[in-house]
Amino acid sequence: MIDARTGVDDSTSALHPDEYALFAQVARSCQVEAGQRLFRRGDHGAAMYVVANGAVELDFGDDLIGKRLGARAFFGELGLLIGDHARSADAVVAEAGELLELGRDEFELLAQRDPALLAQFLRRAIMRVVLNEQALIARLRRRNQELQEALDALRSTTHRLDQSEALTRTDELTSLTNRRGFAADVEQRQQAGDLEGHVLVLVDCDRFKSINDTYGHLAGDRVLQSVANLLRAVAGPDDIVCRLGGDEFCLLLRGHTRDQAERIAGYIADSARMLERMHSRPPQMTTLSIGACLIGKGTHAGWENWYAQVDDALYRAKRNGGDCVEWLD
């Protein structure tokens, strides 16, 4: 009969009547009490047992299904056949009764008395080992499949979370970093003591409200996307380009001298002016007001102060009519 839980033929776990009669002739009989432990998993043994009456529980551990053995069931045969074999289960007496124990000497007697019947038993014992091995392999495959499915689900969830996190840090219109992402990047560099020597550039679109009022918000969106593309084009791999909100942008340049940063800021203003003249009806660009500074020492405690001062430089550029760069000296 096949055990639905394990896929193993239960008939391989019990002696046939003629086998039991032969084994009983040569085995050592011992009385056992309920709760008595016969051996532990990992113990080495060289004997097998047959349940004459009563019951024995086998616990294989590791979430494997245990077995309850009744009359004529045998266990521990690998200890007898291999010799000094590590037990694969804990064996505990579930119901008081009698066990037959067979060691190497008893095995020799079996071979002498009825070799054909012993060979029949050995074929069935080997079949049980093979079936148990096949059932274990199938179970391991199922576990591997379940583990793979769990890992796939974890990767998928992690990917979705990463995408969600990226979305929360990205401006939807321009695909630039948004204010939240910019703050996180600045904080990371600030904690690493890596802000000194950066150049902070704040950019504001001139007369942007009039573009929205005259040509509509779609035209205004195209202008914002053009500004984003211009800033993205001048940024290096270690720089941060951000849309702070509305028509305000930010560029954090790393590893530039004051002269290099001045050329970059000037290029941004010149390029915006040229593009505005080339595409004016409907507008696809506007002139820009820019405030900038080279960040010095003390940024760990005074980043907000630096930002506020650059913001003042930006508004100085706007008060001067826009389309220019003002530096914080």
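**Close-up views of a predicted model**

**View 1. A hairpin joins strand 10 and strand 11.** In this hairpin, two residues sit between the strands, and G246 there takes a positive phi near 55 degrees. Strand 10 covers residues 240–245, and its pairing with strand 11 is antiparallel, over five bridges. Two strands count as paired here if DSSP finds at least two bridges between them. Helices (H or I, at least four residues) and strands (E, at least two) are DSSP runs, numbered from the N terminus. This is a predicted model: local features need pLDDT of at least 70, side-chain atom pairs count only at pLDDT 80 or more, and totals for chains, interfaces and linings use all residues. Residues are numbered from 1 along each chain as its sequence is written, and side-chain values use heavy atoms, with hydrogens and water left out.

**View 2. Strand 11 and its partners.** Strand 11 also pairs with strand 9, again in the antiparallel sense, this time over six bridges. Have a look at F249 in strand 11: V203 stands opposite it, and R243 stands opposite F249 too. Strand 11 is mostly covered, with five of its six residues buried. Buried means under 20% relative accessible area, exposed means over 50%, and partly exposed is in between (1.4 Å probe, protein chains only).

**View 3. The largest nonpolar core.** This core has 29 residues, and the ones touching the most other members are V201, V227, F249, I268, L288 and I290. The elements giving it two or more residues are strand 9 (199–205), helix 6 (208–215), helix 7 (217–234), strand 11 (248–253), helix 8 (258–278) and strand 12 (288–294). Helix 7 puts in the largest share, seven residues. A nonpolar core, by the way, is a set of buried Ala, Val, Leu, Ile, Met, Phe, Trp, Tyr and Cys residues joined through side-chain atoms within 4.5 Å. Zoom in on V201 and, leaving aside its neighbours within four places in sequence, you'll find contacts with F249, C250, L251, L253, I290, G291 and A292. Contact here means heavy atoms within 4.5 Å. There is also a second, separate core of 18 residues, and L15, V26, L100 and L110 are among them.

View 4. The whole structure holds five aromatic pairs. Rings of Phe, Tyr and Trp (its six-membered ring) pair if their centres lie within 6.5 Å; planes under 30 degrees apart count as stacked, over 60 as edge-to-face and the rest as tilted. F74 and F121 form another edge-to-face pair, at 5.1 Å centre to centre and 70 degrees between the planes. Here F74 comes from strand 6 (residues 74–75), so the pair with F121 in helix 4 links parts 47 residues apart in sequence. Together, ring pairs link F23, F74 and F121 into a cluster.

View 5. The buried residues of helix 1 are E19, L22, F23 and V26. Seen down the helix axis, the buried residues of helix 1 fall within an arc of 95 degrees, so they line one face. That arc is taken from the directions running from the helix axis to the C-beta atoms. On the face turned away from the buried side, helix 1 carries the exposed residues P17 and Q25.

**View 6. A charge over a ring.** R87 lies over the face of F39, 4.4 Å from the ring centre. To count, NZ of Lys or CZ of Arg must be within 6 Å of the ring centre and within 35 degrees of the ring normal.

**View 7. Two loop residues with positive phi.** Most residues other than glycine have a negative phi. S175, which isn't a glycine, has a positive phi near 65 degrees. S175 sits in the loop between helix 4 and helix 5 (179–191) and is exposed, at 55% relative accessibility. R207 is likewise not a glycine, and its phi is positive at about 50 degrees. You'll find R207 in the loop between strand 9 and helix 6, exposed with a relative accessible area of 53%.
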